Amino acid sequence: MSFEALGLHVNIIRALTDSGYTKPTAVQEQAIPAAIEGRDLMVSSQTGSGKTAAFMLPALHKLATAEVVTYDNTKTPNQERQSARSRGDRPRFQAAKPKMLVLTPTRELALQVTTATDKYSAYSRRIKAVSILGGMPYPKQMQLLSRNPEILVATPGRLIDHMESGKIDFSELQMLVLDEADRMLDMGFIDDIEKIVAATPPTRQTMLFSATLDGVVGNMAKRITTEPLVIQIAGSASKHENIQQRVHFVDDLSHKNRMLDHLLRDVSVDQAVVFTATKRDADSIADRLNIAGFAAAALHGDMHQGARNRTLDALRRGQVRVLVATDVAARGIDVPGITHVFNYDLPKFPEDYVHRIGRTGRAGRKGLAVSLVNHAESMHVKRIERFTKQLIPVDVIEGFEPKKSPAPSRSAARKPNGWKPGDNRKSGGGAYGNNKPGQRSFSKPAGTSTGNGAGPRKEGGGYKGNRSNDSGARRTFGDY
Ligand code: ADP
Ligand code: MG
């Protein structure tokens, strides 16, 4: 497949050749023709897969074809003001009327998108793209807007300021892009986004890009798109490959509690969610952890919505470090600081396991999910493994060895039913799973775990297992 075959304008092809792009990436191959047709898109695809060009190339194509560019942008703002003056009008600022709006979570990303756009539109002279960002001096922003750019790239907060002061008019907007939508939601931009979307014409084409289309992002995507084409390019994020998983066997409750305390004290724990089977346990464990000096809070279905919201806000602000929750609370939690998920109890259903561990590793970050399991629950672990088509390595922490231990070496032979080596991605396939030698192992509490490196279990847990050889990667990361 070539860029020509996707039907792009020759000026764009020329720019791509200059940029050294020889063929479209997977996401571009699927998104570009549909976007040219005018379809709405919901796209999940991993970082670095070429999403910017996937929305910007079809947009540039549409803007470059005359039918779309309808308004007269040949007059400079000064000429506009002069002709307004000669008509006897008071000179005033003409609101910018962009054809395309790209929303991004951060200034850095907005600048990246604008730079890429300049590159792709190097031969499309009439098309201007500008970024409107927080922190940019106000006169500079006004000057950029006064050029009446076709393409506006902006972070939501600053854009709202300009909308409210009448500097931007979306009545001619044809295309709306939400880039890294999941991150924008993580950053709390949902209300701003809703407001911006409401200010655009319902006839617009909407394209949403995200690392995941689950949960809150998916719901928003469905709300703001019309009959979207859903494109999901399998990648590490959708398979949770950036989340390392581990099982620790425990003998009894006291063993389990001591192990939990120990794991929570690991320096790599930024914020954590501990899942319990019952609301009572959620409350009592949160109390116990608070007494032990953790900033812990409970979250479960018996709490009033107001209390739940306050707890989640405190979690988002980092005031709560350990959230102790039941499954009912599991799905909505979307906090980037959560580095660890602990299953104090295993979930009743394997699909809940997947939702639980998805609370960590948000937006492509690394995460660690640890399950504390009684020997009697081994079958339960196997069911989860069958469901996820992934093996969960068993690990042993020095000083916390279970008395009754399933020999670690045996665990290497455990395979879920229907699992074949060929089912798995090849070693090092994930963008996040590989620790460089010398890098601090995410999962290893300093000097305590024997699961990595020189311990008895060479092929076992920790990100290191993935870097070293095929078998490590194979056992750790399978397909969902
Ligand atoms: P994403 O938004 O999916 O993380 P980007 O759009 O930022 O990815 O692209 C990642 C990198 O890949 C950029 O450096 C971009 O220039 C490059 N790139 C994008 N598409 C192609 C292509 N078709 N061929 C070669 N390089 C590409
Ligand atoms: Mg991107």
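Reader: Which residues does Leu-16 touch, not counting residues up to four places away in sequence?
Author: Leu-16 touches Phe-3, Leu-8, Tyr-21, Leu-57 and Tyr-120 once you skip residues up to four places away in sequence. Keep in mind that this is a predicted model.

Reader: Ok, and where does Leu-16 lie?
Author: In helix α1, which covers residues 10–19.

Reader: Is Leu-16 buried or exposed?
Author: Buried: its relative accessible area is 1%, and the cut-off for buried is under 20%.

Reader: What separates the C-alpha atoms of Leu-16 and Lys-119?
Author: Those two C-alpha atoms are 8.2 Å apart, although Leu-16 and Lys-119 are 103 residues apart along the chain.

Reader: Switching to helices. How do the axes of α2 and α3 cross?
Author: Helix α2 (residues 26–37) and helix α3 (residues 51–64) have axes that come within 9 Å and cross at roughly 25°. Angles under 35 degrees count as roughly parallel, so α2 is roughly parallel to α3. The crossing of α2 past α3 is right-handed.

Reader: Which residues meet there, α2 against α3?
Author: From α2 you have Val-27, Gln-28, Ala-31, Ile-32, Ala-35 and Ile-36. On the α3 side they meet Lys-51, Ala-53, Ala-54, Leu-57, Pro-58, His-61 and Lys-62. By class, that contact has nine nonpolar, two polar and two charged residues.

Reader: And α3 with α5, what's the angle where the axes cross?
Author: Roughly 45°, with the axes of α3 and helix α5 (residues 107–120) coming within 10 Å. That angle makes α3 oblique to α5. Here too there's a handedness to report: α3 passes α5 in a right-handed crossing.

Reader: Which residues in α3 meet α5?
Author: Thr-52, Ala-53, Phe-55, Met-56, Leu-57 and Leu-60 are the α3 residues, and they meet Val-113, Ala-116, Thr-117 and Tyr-120 in α5. The class count for this contact is eight nonpolar, two polar and no charged residues.

Reader: Now the core. How many residues are in the largest nonpolar core?
Author: It has 70 residues, and Met-56, Leu-159 and Leu-178 are those with the most contacts inside it. Helix α3 gives the largest share of this core, eight residues.

Reader: What is Met-56 in contact with, leaving aside its neighbours within four places in sequence?
Author: Met-56 is in contact with Met-100, Val-102, Val-113, Thr-117, Tyr-120 and Ile-151. Apart from that core lies another, of 27 residues, among them Val-273, Ala-314, Val-320 and Ile-338.

Reader: What does Leu-101 touch, not counting residues up to four places away in sequence?
Author: Leu-101 touches Leu-152, Leu-159, Phe-170, Leu-173, Met-175, Leu-176, Val-177 and Ile-196.

Note on methods
Residues numbered from 1 in each chain as written. Chains lettered and ligands numbered in written order. Predicted model: local features only at pLDDT ≥ 70, side-chain atom pairs only at ≥ 80, totals over all residues. Heavy atoms only, no water. Axes fitted to C-alpha atoms, helices over the stretch in contact; angles between N-to-C directions. Helix = DSSP H or I, 4+ residues; strand = E, 2+ residues; numbered from the N terminus. Parallel < 35°, antiparallel > 145°, perpendicular 65-115°, else oblique. Left-handed = near helix turned anticlockwise from the far one by under 90°. Contact = heavy atoms within 4.5 Å. Nonpolar A, V, L, I, M, F, W, Y, C, P; charged D, E, K, R; others polar. Core = buried A, V, L, I, M, F, W, Y, C linked by side-chain atoms within 4.5 Å. Buried < 20%, exposed > 50% of the residue type's maximum accessible area, 1.4 Å probe, protein only.
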